[in-house]
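Here are my notes on this entry for a first reading. Please keep the model open beside them.

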Amino acid sequence: MNIQIFGKSKCFDTKKAERYFKERGIKFQAVDLLRFGMSRGELTSVAKAVGLETLVDWKNADSALLKYLAYDTDKLEKLLEDPRLIRAPVVRNGRQATVGYQPEIWKSWE
């Protein structure tokens with residue numbers, strides 16, 4: 001298993017996800033989403049796995065703009081520009097991915 005957790009330092013669900021994998025002795029790579037963001041390839045892969053709408057943090061005030069963008073490519077560009085608009089944590093295991101705290105799915109990865 002090659003787990004990556006893209007999260008935000010002040011996000012409660014990110015901390016819970018990290019704790020979930022630590023408690024099970026599963027190594028993971030933690031990436032600060034706000035500081036480093038995601039590469040275009042990573043973001044595209046996650047969007048394919050979970051869907052673009054799931055990836056957006058609709059609670060963020062700036063996310064309203066995304067509703068008015070017609071094309072998914074434009075939405076992906078906006079998410080690349082502003083990682084605050086990405087819902088955390090994004091947990092990747094190869095081509096599989098989840099957004100938010102999803103322990104029931106992570107169990108199937110073990």
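Which helices do the buried residues of H5 pack against? They pack against helix H3 (40–50) and helix H4 (52–55). The points below start from the basis of the model and return to that helix.

1. Basis. This is a predicted model: local features need pLDDT of at least 70, side-chain atom pairs count only at pLDDT 80 or more, and totals for chains, interfaces and linings use all residues. Residues are numbered from 1 along each chain as its sequence is written, and side-chain values use heavy atoms, with hydrogens and water left out.

2. Overall fold. The protein has six helices and four strands. Helices (H or I, at least four residues) and strands (E, at least two) are DSSP runs, numbered from the N terminus. Along the sequence the pattern reads β-α-β-α-α-α-α-β-β-α. The radius of gyration, taken over C-alpha atoms, is 13 Å, close to the 13 Å that the globule rule gives for 110 residues, so the protein is as compact as a globular protein of that length. That rule is 2.2 Å times the number of residues to the power 0.38.

3. Buried residues make up 45% of the 110 residues. Buried means under 20% relative accessible area, exposed over 50%, partly exposed in between (1.4 Å probe, protein chains only). Take the contacts (heavy atoms within 4.5 Å) between residues at least 6 apart in sequence: 64% join residues at least 24 apart.

4. Helix H5. This helix spans residues 72–81, and its buried residues are Lys75, Leu76 and Leu79. They cover an arc of only 100° around the axis, which puts them on the same side of H5. The arc is that of the directions from the helix axis to the C-beta atoms. The face turned away from the buried side carries the exposed residues Thr73 and Glu81.

5. Arg92. This residue lies in strand E3 (residues 90–93). Arg92 is buried yet has no salt bridge. A salt bridge is a side-chain nitrogen of Lys or Arg within 4 Å of a carboxyl oxygen of Asp or Glu. The nearest side chain of opposite charge, Glu42, is 4.0 Å away. Lys and Arg count as positive and Asp and Glu as negative; His and the chain ends are not counted. The backbone oxygen of Gly94 lies 3.4 Å from a polar atom of the Arg92 side chain.

6. Asn2. This residue sits in the segment before strand E1 (3–7). Asn2 counts as exposed, at 57% relative accessibility. Leaving out residues up to four places away in sequence, Asn2 touches Arg92, Asn93 and Gly94. The C-alpha atoms of Asn2 and Arg92 are separated by 7.8 Å, with the two residues 90 apart along the chain.

Technical notes
A polar contact is a pair of N or O atoms within 3.5 Å; within protein, one must be able to donate a hydrogen and the other to accept it, and residues adjacent in sequence count only if both atoms are side-chain atoms.
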